[in-house]
Amino acid sequence: MESFTRFMILFIAFCLVFRCGYGFYLPGSYPHKHAVGDVLSVKVNSITSIDTEMPFSYYSLPFCKPQEGVKDSAENLGELLMGDRIENSPYRFKMYTNESDIFLCQSEPLSSDDFKLLKKRIDEMYQVNLILDNLPAIRYTKKEGFFLRWTGYPVGIKVQDAYYVFNHLKFTVLVHKYEEANMAQVMGTGDAAEVIPTTGNRGSDVPGYMVVGFEVVPCSISHNIKSVKDLKMYGKYASQIKCDPTTVTMAIKEKEPIVFTYEVTFEESDIKWPSRWDAYLKMEGSKVHWFSIMNSLMVITFLAGIVLVIFLRTVRRDLTRYEELDKEAQAQMNEELSGWKLVVGDVFRAPTNASLLCVMVGDGVQILGMAVVTILFAALGFMSPASRGTLLTGMLIFYMVLGIAAGYVAVRLWRTIGCGDHKGWVSVAWRAACFFPGIAFLILTTLNFLLWGSQSTGAIPFSLFVILILLWFCISVPLTLIGGYFGAKAPHIEYPVRTNQIPREIPAQKYPSWLLVLGAGTLPFGTLFIELFFIMSSIWMGRVYYVFGFLLIVMILLVVVCAEVSLVLTYMHLCVEDWKWWWKSFFASGSVAIYIFLYSVNYLIFDLKSLSGPVSATLYLGYSLLMVLGIMLATGTIGFLSSFWFVHFLFSSVKLD
């Protein structure tokens with residue numbers, strides 16, 4: 001205990017030191033301060049489209065390449081899995097130095113293949129994604145008096161039968177001025193002052209600037225090819241270039257080159273560095289978003305409260321009546337009345353496919369724990385959209401570490417069902433380590449072959465495949481086996497009643513019991529379908545999702561509703577003398593996955609109308625299937641564990657001979 005106390009003190013001290021040194025803005029990169037004239041490098045990410053959902057390399061199209069050659073930027077595991085391929089670009093700025101009419105390069109005459117590919121990418125509405133100081137380029141368009149925000153800009157546009165490419169970019173870089181370059185800046189945030197460190201030009205007395213905004217306006221301009229014949233990269237174009245985004249003139253033609261130019265303007269802004277992501281995080285219709293979530297939470301909480309009150313009153317009345325009777329009256333009551341009291345000798349009878357149930361519950365605990373911890377960290381700001389790939393990387397790390405919980409729960413449940421028998425626990429732990437990851441690996445491998453065939457950057461490289469397999473077998477599997485070992489050593493849960501040797505016959509039911517079980521998933525689905533729309537839009541429509549606080553609330557409410565629904569269904573089955581509650585309690589709450597998959601199909605048909613091609617549809621359905629499988633295991637586990645606790649509590653609370 002003393003060593004644990006020392007550890008906690010050291011941990012808290014480390015957190016305080018870390019906080020004082022790096023400030024409150026934990027997500028994303030730390031602030032860089034640049035002096036006037038410092039070189040700013042623009043990076044490029046994969047080109048993307050909501051029409052195909054398949055990213056491709058920026059340099060797969062005939063764009064200008066940097067003089068020093070194409071180089072990959074450092075990427076984390078999450079970025080690679082998301083299909084991000086961040087590379088350097090030829091675009092170079094000088095801090096607070098406006099430049100115009102800058103010649104970038106002239107492409108080679110378009111070959112037949114390049115010409116067809118460029119037209120195809122324009123038809124598929126591909127967007128070019130640029131990054132400056134970790135900020136994606138943002139584009140504003142005006143429609144019906146409203147300004148719309150977009151990240152990136154389109155490759156080109158089709159007008160009638162002609163294809164036009166955007167070959168001139170007008171950049172606007174918003175900067176915030178900071179004095180005293182040698183000192184860390186103190187900025188007020190709320191009621192406290194936080195310290196923001198600065199890097200770059202620490203020895204200079206010249207005021208520094210931080211990048212707080214990055215905007216782009218694409219234009220299609222037909223340049224004079226002869227006038228750029230002797231120009232080198234970053235040379236001055238012969239005449240003034242007027243960028244008008246409402247007109248297009250650079251039509252692409254086979255065997256003709258494309259001239260690329262750009263201009264950049266720096267503007268001082270009042271935006272503070274920690275607030276520079278606000279422009280990206282502001283969703284259109286955010287008021288409707290928040291109101292819908294609050295309304296859904298209130299309605300579902302009210303319904304769940306009613307169900308819980310009725311349920312508790314019914315069970316309490318049953319227990320009170322039963323305990324007030326003497327033994328003769330109890331025996332007479334058992335003969336005259338039907339209900340959960342008559343299945344006392346069968347309620348803990350081992351279910352069919354018990355090992356599979358244990359494995360699914362263990363994997364469900366692992367997935368649920370991963371989801372809760374990830375959402376909690378994201379809500380606290382540790383996994384901001386400003387740090388690309390962090391969310392997915394964190395999910396993988398948490399999932400692997402929680403393999404201990406999966407093995408422990410699966411094996412201990414297996415021993416409980418087997419009344420303490422140790423035999424077979426290694427097999428159960430091994431299957432818990434391979435069940436869900438194996439299915440995920442099979443689905444992702446199939447989808448990866450489709451992406452490989454399409455030469456998409458969304459395809460997982462072979463080297464990354466090897467890394468994932470090593471992480472699986474070298475970290476996740478051993479941790480799951482360790483958890484299984486502790487589960488085998490832990491005492492199994494003792495049943496409060498004995499199980500008869502001969503199973504009791506279940507009376508004929510007026511309606512199929514599984515019909516009610518499958519229908520029970522509608523209530524948990526009602527807690528999350530509004531939030532599900534925004535999550536789906538974030539994944540498939542390229543929007544930024546950031547309201548993790550509300551997602552955490554919805555997650556907690558979903559756990560409560562899943563537990564309540566499963567408890568009610570289990571009690572209803574026991575009341576009609578149906579003692580086969582094990583699997584039904586799992587699928588009573590796990591059936592929400594069916595409705596989520598149906599919603600995904602509906603989203604594909606009505607919201608992703610532009611999704612083209614069988615490959616894109618297969619990718620969408622494959623990822624949706626993997627998502628609903630994980631949701632089924634997590635929600636089913638909630639229902640089963642709550643029902644198991646309830647049944648154990650119910651039959652241990654009454655005196656039965």
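Predicted model: local features only at pLDDT ≥ 70, side-chain atom pairs only at ≥ 80, totals over all residues.

**Entry 1: the whole chain**

I looked up burial first: of the 657 residues of the protein, 49% count as buried.

Next I checked the secondary structure, which comes to 17 helices and 16 strands. Then I asked for the surface. The accessible surface of the protein is about 32500 Å², and 63% of that belongs to carbon and sulfur atoms.

How much of the contact count comes from residues 24 or more positions apart? Among contacts in the protein with a separation of 6 or more, such pairs account for 83%.

**Entry 2: disulfides**

A quick reminder for myself: a disulfide is a covalent bond between the sulfur atoms of two cysteines. How many does a search of the whole structure find? The search gives two disulfides.

One of them joins Cys-64 to Cys-105, with 1.8 Å from S to S. I placed both ends: Cys-64 is in the loop between strand S1 (39-44) and helix H2 (77-82), while Cys-105 is in strand S3 (residues 99-106). They are 41 residues apart, so I note this as a link between distant parts of the chain, with strands and helices taken as DSSP runs. The angle about the S-S bond is -85°, making the link of Cys-64 and Cys-105 left-handed.

Are these two cysteines buried or exposed? Cys-64 has 3% relative accessibility, so it counts as buried. Cys-105 is buried too, because its relative accessible area is 14% and the cut-off for buried is under 20%.

Cys-219 and Cys-243 form a disulfide as well, with their sulfur atoms 1.7 Å apart. Here the angle about the S-S bond is 75°, and the link is right-handed. Cys-219 belongs to strand S15 (residues 208-219), and Cys-243 sits in the loop between S15 and strand S16 (259-268). That pair is 24 residues apart and again links distant parts of the chain. Cys-219 is buried at 1% relative accessible area, and Cys-243 is buried at 19%.

I also wrote down the pattern: with bonded cysteines counted along the chain, the disulfides go 1-2, 3-4.

Two further cysteines I looked up were Cys-358, buried at 0% relative accessibility, and Cys-434, buried at 19%.

**Entry 3: salt bridges**

Side chains of opposite charge can pair when their charged atoms come close. I went looking for such pairs, and the count comes to six salt bridges. I followed up on some of them.

Glu-68 forms a salt bridge with Arg-92, and their closest N and O atoms are 2.5 Å apart. Glu-68 is in the loop between S1 and H2, and Arg-92 is in strand S2 (residues 87-94), 24 residues apart. Glu-68 counts as partly exposed, at 41% relative accessibility.

Glu-577 and Arg-504 also meet in a salt bridge, 3.2 Å from N to O. Which loops do they come from? Glu-577 is in the one between helix H14 (548-575) and helix H15 (582-590), and Arg-504 is in the one between helix H11 (462-489) and helix H12 (513-519). The two are 73 residues apart. Glu-577 is buried at 10%, whereas Arg-504 is partly exposed at 32%.

Lys-584 counts as buried at 8% relative accessibility, and Asp-578 is buried at 3%.

Technical notes
Residues numbered from 1 in each chain as written. Heavy atoms only, no water. Disulfide = S-S within 2.5 Å. Helix = DSSP H or I, 4+ residues; strand = E, 2+ residues; numbered from the N terminus. Buried < 20%, exposed > 50% of the residue type's maximum accessible area, 1.4 Å probe, protein only. Contact = heavy atoms within 4.5 Å. Areas by Shrake-Rupley, 256 points an atom, 1.4 Å probe, with all protein chains shown as cover. Salt bridge = Lys/Arg side-chain N within 4 Å of Asp/Glu carboxyl O.
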